[in-house]
Amino acid sequence: MRKPELAAFVADQADISKDKAGEIITIITDQITEALRQEDTVSLIGFGSFVQKHRAERQGKNPQTGEAITIKASNSVGFKPGKALKEAVNS
């Protein structure tokens, strides 16, 4: 499912326009992004939690030459599904 399909579903369920549903979805994703940027955890009870993860600088190899390289430290996003989501997927 892509964002337009999700917006259409939300619009139908909430009896609002597709444009308004799309705006709401954008606001939610923007706020989750901002919270993670500020290293805050976003917990949606029953659904799951988004958390920023830090990867330390490490050594790797260039696959073409075999030369050792340094891979820079970076941040990524982790998602831990909630109990209700796990049960829904596994039923």
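Q: What relative accessibility does threonine 29 have in this model?
A: The model is a predicted one, in which local features need pLDDT of at least 70, side-chain atom pairs count only at pLDDT 80 or more, and totals for chains, interfaces and linings use all residues. Residues are numbered from 1 along each chain as its sequence is written, and side-chain values use heavy atoms, with hydrogens and water left out. Threonine 29 is found in helix α2, where helices (H or I, at least four residues) and strands (E, at least two) are DSSP runs numbered from the N terminus. On a scale where buried means under 20% relative accessible area, exposed over 50% and partly exposed in between (1.4 Å probe, protein chains only), threonine 29 counts as partly exposed, its relative accessibility being 37%.

Q: How far apart in space are threonine 29 and alanine 14?
A: In sequence, threonine 29 and alanine 14 are 15 residues apart. Taken from C-alpha to C-alpha, their separation in space is 18 Å.

Q: Which element gives the largest share of the lining of the largest pocket?
A: A pocket is an open set of points on a 1 Å grid over the protein atoms alone where a 1.4 Å probe fits, with protein on both sides within 12 Å along at least five of seven lines, and its lining residues have an atom within 4 Å of a point. The largest pocket is lined by Leu6, Ile25, Ile28, Thr29, Ile32, Leu44, Phe47 and Phe50. The largest share of this lining, 4 residues, comes from α2.

Q: How many charged residues does the lining of the largest pocket have?
A: Ala, Val, Leu, Ile, Met, Phe, Trp, Tyr, Cys and Pro count as nonpolar, Asp, Glu, Lys and Arg as charged, and the others, Gly among them, as polar. By these classes the lining has 7 nonpolar residues and 1 polar residue, while the number of charged residues is none.

Q: Which residues do the ring pairs link into a cluster?
A: Rings of Phe, Tyr and Trp (its six-membered ring) pair if their centres lie within 6.5 Å, and planes under 30 degrees apart count as stacked, over 60 as edge-to-face and the rest as tilted. By this rule there are 2 aromatic pairs. In one, the rings of phenylalanine 47 and phenylalanine 79 have centres 5.5 Å apart and planes at 55 degrees, so the pair is tilted; in another, phenylalanine 50 and phenylalanine 79 have centres 4.9 Å apart and planes at 50 degrees, so this pair is tilted as well. The cluster linked by the ring pairs is made of Phe47, Phe50 and Phe79.

Q: Why does the pair of phenylalanine 47 and phenylalanine 79 tie together separate parts, and how many residues apart in sequence are they?
A: Phenylalanine 47 is partly exposed at 38% relative accessibility, and phenylalanine 79 is partly exposed with a relative accessible area of 37%. Because phenylalanine 47 lies in the loop between β1 (42-44) and β2 (48-55), whereas phenylalanine 79 lies in strand β5 (residues 74-81), the pair ties together parts whose separation in sequence is 32 residues.

Q: How far apart are the closest N and O atoms of glutamate 23 and lysine 20?
A: Glutamate 23 and lysine 20 are 3 residues apart in helix α2 (residues 18-37), which separates them by about one helical turn. Glutamate 23 is partly exposed, with a relative accessible area of 44%, and lysine 20 is partly exposed at 43%. In the salt bridge that they form, the closest N and O atoms are separated by 3.9 Å.

Q: Which residue in β4 stands opposite lysine 61?
A: Two strands pair if DSSP finds at least two bridges between them, and strand β3 (residues 58-61) pairs with strand β4 (residues 68-71) in the antiparallel sense over 4 bridges. The two strands form a hairpin with 6 residues between them, and glycine 66 in the turn has a positive phi of about 80 degrees. The residue opposite lysine 61 is alanine 68.

Terms used. A salt bridge is a side-chain nitrogen of Lys or Arg within 4 Å of a carboxyl oxygen of Asp or Glu.
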